[in-house]
Every structure is written in C-alpha cells, then in structure tokens.
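Please find below a short note for a colleague who is meeting this structure for the first time. The points follow the display of the sequence and structure.

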Amino acid sequence: MPGELLRVAEDPSPTEVFALLDDEYARALLAATSHRPMTATELSNDCEMSLSTVYRGLEALENCGLVAARTRLADDVHHVDVYEAQMDELTVCLTEVAFDVSLSVESKTHEFADALVDLWEGL
C-alpha cells in the first residue's frame with residue numbers, strides 16, 4: 001500500500017514461539033491484530049493493557065514474525081505504526097533431535113489466529 005513501510009522478521013525459534021503462545025498478553029495482542037491493523041494505543045484500550053506492556057508484547061511478536069508493523073507516512077512527515085497479525089500457517093514438527101517451527105507470513109488470517117489462541121488455551 002502506498003505510504004506504508006513493512007518490517008518483516010526472520011524465522012522464529014521454537015523456544016520463542018512457544019514462550020509467546022504461553023503468554024496471555026501476547027495471545028491477546030495476536031488475536032486483536034488478527035481482526036484489523038491497530039495502533040499501540042488502540043491495542044492498549046482494546047486489550048486493557050498498559051502501553052509499555054503492549055509495546056513489549058508487540059516487539060516480541062514482531063521478532064517471531066507473528067505480527068508485522070506498518071509505518072503509515074503522512075503528508076506532514078508524521079507517522080504512525082499499525083500492527084497486524086501475519087500468519088497463514090504455523091507448523092511445529094518434532095524431529096529426532098528438536099522441534100522445528102515453520103511460519104508462513106504471506107497474509108493475515110484472523111480465523112487461524114483465533115483458532116490458534118483457542119487451541120493453545122485449551123492445552
């Protein structure tokens with residue numbers, strides 16, 4: 001989209017992904033951003049979290065590629081970051097020696113994010 005810059009993360013480590021999915025704040029941010037792109041302030045209000053908690057959670061989610069930040073540039077040189085869940089598929093495989101996590105981040109699918117949150121909370 002014109003006027004936006006997209007930041008994309010590297011492949012996540014299984015340990016990071018599992019830790020994030022175990023964190024209730026990260027799950028809430030992931031679910032909220034799966035419905036529409038949101039600013040940190042909107043997430044703070046919708047998820048009833050402090051801004052510092054939102055920013056810490058978003059940073060961790062971005063580092064794992066589960067959320068992408070888009071910077072919307074305005075004509076007056078000001079900008080605002082909006083955050084959006086970025087998952088088509090999250091696959092976890094157990095090999096002989098370790099877990100392998102594969103994350104497809106081509107587009108967001110809120111139904112998948114909601115199902116992932118429901119699945120993880122049910123474990």
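1. The structure holds zero disulfides, a disulfide being a pair of cysteine sulfur atoms within 2.5 Å. Cys-47 is buried, with a relative accessible area of 18%, and Cys-64 is buried as well, at 1%. Here buried means under 20% relative accessible area, exposed over 50%, and partly exposed in between (1.4 Å probe, protein chains only).

2. On the basis of the atoms: this is a predicted model, in which local features need pLDDT of at least 70 and side-chain atom pairs count only at pLDDT 80 or more, while totals for chains, interfaces and linings use all residues. Residues are numbered from 1 along each chain as its sequence is written, and side-chain values use heavy atoms, with hydrogens and water left out.

3. The protein contains five helices and five strands, arranged along the sequence as β-α-α-α-α-β-β-β-β-α. Helices (H or I, at least four residues) and strands (E, at least two) are DSSP runs, numbered from the N terminus.

4. Of the 123 residues in the protein, 37% are buried. Among contacts (heavy atoms within 4.5 Å) with a separation of 6 or more, 54% come from residues 24 or more positions apart.

5. The protein exposes about 7,400 Å², of which carbon and sulfur atoms supply 52%. Accessible areas come from the Shrake-Rupley method with a 1.4 Å probe; for residues, only the protein chains shown count as cover.

6. Phe-99 lies in strand β5 (residues 99–104). Phe-99 counts as partly exposed because its relative accessibility is 44%.
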